[in-house]
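Here's a quick briefing to read with the model open next to you. Grab your viewer and follow along.

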Amino acid sequence: MSRYTHSASWYDTVSAEPIYRVGRERVIPALHLREGSRVLDIGCGTGLNFPLLLAAVGGSGQVVGVDRSREMLEVARRKTIQAPPGNVALVEADAEQLDHVAVGLDGSGATFDAVLFTYSLSLMGNWEAAWRQATCLVRPGGRAGIVDMEPPHGWARLLDPAARLACLLGGADINARPWTLLEGTAHEVQSWSLRGGHVQVRAGTL
Ligand SMILES: C[S@@+](CC[C@H](N)C(=O)[O-])C[C@H]1O[C@@H](n2cnc3c(N)ncnc32)[C@H](O)[C@@H]1O
């Protein structure tokens with residue numbers, strides 16, 4: 001059973017948004033979304049990215065959130081109940097075994113304009129597979145974004161025990177550096193190191 005089964009109802013309260021929200025605020029504009037865009041949010045959890053994503057894609061666009069935790073998706077669903085029909089789709093699936101049917105594409109090809117992983121890729125056992133399968137669903141020239149964590153640097157090393165504890169509790173591998181996948185496969189890569197290096201943000205063109 002996933003650790004996100006029981007924590008879904010209090011995830012938003014303990015997710016330290018004053019520290020981690022900065023990653024969402026930096027990466028989402030870098031996805032170059034516009035009215036009508038379709039974006040895939042992998043490991044979307046309770047939908048903390050959704051207000052920013054929905055503001056970017058507008059009423060004619062679509063946010064598709066994928067998560068393997070039904071309980072996290074249920075919290076996300078309750079938050080988006082007012083959205084226009086089709087504006088948000090939630091898919092319960094393991095991102096390491098994603099297929100086109102699972103995200104409602106019916107095998108019709110790469111139709112997303114962007115894909116996003118915030119604080120989720122380093123939790124996945126086979127994050128290379130999750131990255132490969134998700135990016136296959138994005139059109140050529142579309143954008144990808146990753147926000148993840150590493151140990152803080154410099155003065156912020158004082159915060160290292162707290163950062164490691166947050167990652168341990170969340171199940172993230174603080175040493176995984178999964179954004180290296182984006183750096184190796186995308187072009188026009190943008191990079192930000194925030195919160196003393198603890199929050200790492202990458203965005204690029206596929
Ligand atoms: C730390 S939460 C982050 C949630 C959200 N992206 C955010 O920024 O708040 C990690 C999420 O990734 C999901 N997750 C972990 N491994 C997964 C996998 N293999 N496939 C799909 N979702 C996964 C968990 O269920 C959880 O909801």
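This is a predicted model: local features need pLDDT of at least 70, side-chain atom pairs count only at pLDDT 80 or more; totals for chains, interfaces and linings use all residues.

A search of the whole structure turns up nine salt bridges, and the largest pocket holds about 790 Å³ of space.

**Salt bridges**
- Arginine 21 pairs with glutamate 25, with the closest N and O atoms 2.8 Å apart. Both sit in helix H3, four residues apart, or about one turn of the helix.
- An α-helix has 3.6 residues a turn, so residues three or four places apart point the same way.
- Arginine 21 counts as partly exposed because its relative accessibility is 32%, and glutamate 25 is partly exposed too, at 41%.
- Over in helix H5 (residues 70-79), glutamate 74 and arginine 77 lie three residues apart, and their side chains form a salt bridge at 2.8 Å, N to O.
- Arginine 202 and glutamate 183 meet in a salt bridge at 2.6 Å, N to O. This pair links distant parts of the chain, with arginine 202 in strand S7 (residues 199-205) and glutamate 183 in helix H8, 19 residues apart.
- At 7% relative accessibility, arginine 202 counts as buried, whereas glutamate 183 is partly exposed at 37%.

**A buried aspartate**
- Aspartate 148 belongs to strand S5 (residues 138-149).
- The aspartate 148 side chain does make a polar contact with the side chain of serine 122, at 2.5 Å.
- Beyond its sequence neighbours up to four places away, aspartate 148 touches residues including Tyr119, Trp179 and His198.

**The largest pocket**
- Its lining counts 39 residues, with Tyr4, Tyr11, Tyr119, Leu123 and Gly170 nearest the centre.
- Elements giving two or more residues to the lining include helix H1 (3-6), helix H2 (11-14) and strand S2 (62-67).
- H7 contributes the most to this lining, with four residues.

**Packing elsewhere**
- Helix H6 (residues 127-135) has buried residues, among them Trp127, Trp131 and Thr135. Strand S1 (38-42), strand S4 (112-118), S5 and helix H8 (179-185) are part of what covers the buried residues of H6.
- Valine 189 lies in strand S6 (residues 187-194) and is partly exposed, at 34% relative accessibility.
- Leaving aside neighbours within four places in sequence, valine 189 is in contact with Leu182, Glu183, Ala203 and Gly204.

Methods
Residues are numbered from 1 along each chain as its sequence is written. Side-chain values use heavy atoms; hydrogens and water are left out. A polar contact is a pair of N or O atoms within 3.5 Å; within protein, one must be able to donate a hydrogen and the other to accept it, and residues adjacent in sequence count only if both atoms are side-chain atoms. Contact means heavy atoms within 4.5 Å. On a 1 Å grid over the protein atoms alone, a cavity is a set of points where a 1.4 Å probe fits but cannot get out, and a pocket is an open set with protein on both sides within 12 Å along at least five of seven lines; lining residues have an atom within 4 Å of a point. Grid points are joined across faces, edges and corners, and a volume is the space filled by probe spheres set on the points. Buried means under 20% relative accessible area, exposed over 50%, partly exposed in between (1.4 Å probe, protein chains only). A salt bridge is a side-chain nitrogen of Lys or Arg within 4 Å of a carboxyl oxygen of Asp or Glu.
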